[in-house]
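The sequence and the coordinates come first.

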Amino acid sequence: FLLSGLVAFSLLTVLLGSFFILKSISQERKLIMMKTNFLSSVSHELKTPLTSIKMFAEMISNGRVQKIEKCQEYSKLIGKESTRLENLIAAILDYTRMETGKQVFHWEKLDLSQCVNRVFEATMDIADNRGITMIKELAPGSYIMGDNTALYSLAQGLIENAIKYTNPPGKVTVRVAEENEKIVFSVTDTGIGIKPSEQKNIFNDFYRVGDEMTRSTKGSGLGLAIVKRVAEAHKASISVQSHPGKGSTFTVKLKKAE
Ligand code: ADP
C-alpha cells in the first residue's frame with residue numbers, strides 16, 4: 001500500500017511539474033508573441049507618418065509644387081505628421097521607462113483640477129475637429145500628492161481615448177470632484193463602448209479591441225497600459241464602466257492630500 005502510495009505521489013509530482021513547465025512555456029510564448037506584435041504595430045505606426053513626411057518633402061524640394069499655398073499646405077501636413085511621430089515615440093519612451101522601473105516621480109502637493117484642465121484645453125481642438133462636444137466639471141482645490149507630468153499623461157490618455165472612440169456628434173465629460181475623502185477623476189463618453197468580455201483586457205500592454213472602429217483609428221495599444229501604471233504608482237484605483245453602443249466611463253480614485 002505504501003509503495004503504491006509512493007508511486008502515485010511521484011506520478012502526481014511529475015504530472016504537476018510537467019503542467020507548470022508547459023504553462024510557463026506557453027506564457028513565455030505568449031509574451032514573445034505580444035512583443036513581436038508590438039514591434040510590428042509600432043513599426044507600422046512609425047512608418048505611416050514617415051512615408052507621408054518623405055512624400056511631401058520630396059514634392060516641395062523637387063520643385064513640382066509651384067504655388068506657395070500648396071507649399072504651405074504640404075509643410076503643414078509635414079508638421080502634423082511629425083507631431084504624430086513625436087507623440088508615438090513619447091508614448092513608447094514613457095512605457096519603457098515605467099516597464100524598466102526607470103521612471104522617476106517628482107511628488108508634490110497639486111491641484112488635480114488644474115492639471116486636468118491643462119489637458120482639457122490642449123485636447124479641445126482635437127474634439128472640435130471630430131465634432132465632439134467637451135464638457136468640464138472641475139472642482140477647484142482638489143489637492144492630491146502626485147507627479148504632475150505623469151498625471152498629465154494619465155488624463156491625456158483617458159481624454160484622448162474618449163474623443164477617439166466616440167462618433168460625432170458625441171459628448172465627452174471630464175470631472176474632478178471630492179467624494180468620501182477621495183479625489184475622483186472621471187472621463188465619460190457617449191462613444192462606441194467596450195464589451196464586458198473585453199473590459200478586463202484593455203489595460204493589458206499592447207492590447208487593442210479587434211472591432212472595426214479600433215482598427216480604423218491610430219494607436220499602439222499602450223495608452224491604457226501607461227494610464228494603469230501611473231495610477232498604480234499613485235496608489236490610485238482605476239475602473240471602467242461601459243455599455244457597447246452607449247459609451248464608457250473611466251474612473252480614477254486618488255487619496256486626498258492632507
Ligand atoms: P490604443 O492606442 O489602441 O487607443 P489603449 O491602450 O489606449 O490603446 O486602449 C486599448 C483599447 O481599449 C483600444 O484599442 C480600444 O479598443 C479600447 N478603448 C479604450 N478607451 C476606450 C473608450 N473610451 N471607448 C471605447 N473603447 C476604448
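Which residues of α2 are buried? They are C71, Y74, I78, E81, L85, L88, I92, D94, Y95 and M98, where buried means under 20% relative accessible area, exposed over 50% and partly exposed in between, with a 1.4 Å probe and protein chains only. The model is predicted: local features need pLDDT of at least 70 and side-chain atom pairs pLDDT 80 or more, whereas totals for chains, interfaces and linings use all residues. Residues are numbered from 1 along each chain as its sequence is written, and side-chain values use heavy atoms, without hydrogens and water.

Helices (H or I, at least four residues) and strands (E, at least two) are DSSP runs, numbered from the N terminus. Helix α2 takes in residues 68–99, 32 residues in number. Its expected span, 1.5 Å times one less than its number of residues, is 46 Å, and this agrees with the 46 Å between its end C-alpha atoms. After α2 comes G101, with a positive phi near 70 degrees.

D94 belongs to α2 and has a relative accessible area of 16%, which means that D94 counts as buried. Apart from neighbours within four places in sequence, D94 is in contact (heavy atoms within 4.5 Å) with S153 and I226.

I226 is also among the buried residues of α7, together with L224, A225, V227, R229, V230 and A231. The cover over these buried residues includes α2, α4, β6 (237–243) and β7. K235 follows α7 and has a positive phi, near 50 degrees.

The ligand has 21 residues around it, of which N161, Y165, D189, R208 and L224 come nearest; a residue counts here if one of its heavy atoms lies within 4 Å.

| Residue | Atom of the residue | Ligand atom | Distance |
|---|---|---|---|
| D189 | polar side-chain atom | nitrogen | 2.9 Å |
| R208 | side-chain N or O | oxygen | 2.4 Å |
| L224 | backbone N or O | oxygen | 2.8 Å |

Taken alone, the ligand exposes 530 Å², and the protein buries 98% of that, with areas from the Shrake-Rupley method and a 1.4 Å probe. Two or more residues of the shell come from each of α4 (148–164), α7 (223–233) and β7 (247–255). The most come from α4, which gives 3 residues. By class, the shell holds 10 nonpolar, 8 polar and 3 charged residues.

Methods
Polar contact = N/O pair within 3.5 Å; in protein donor to acceptor, adjacent residues only side chain to side chain. Nonpolar A, V, L, I, M, F, W, Y, C, P; charged D, E, K, R; others polar.
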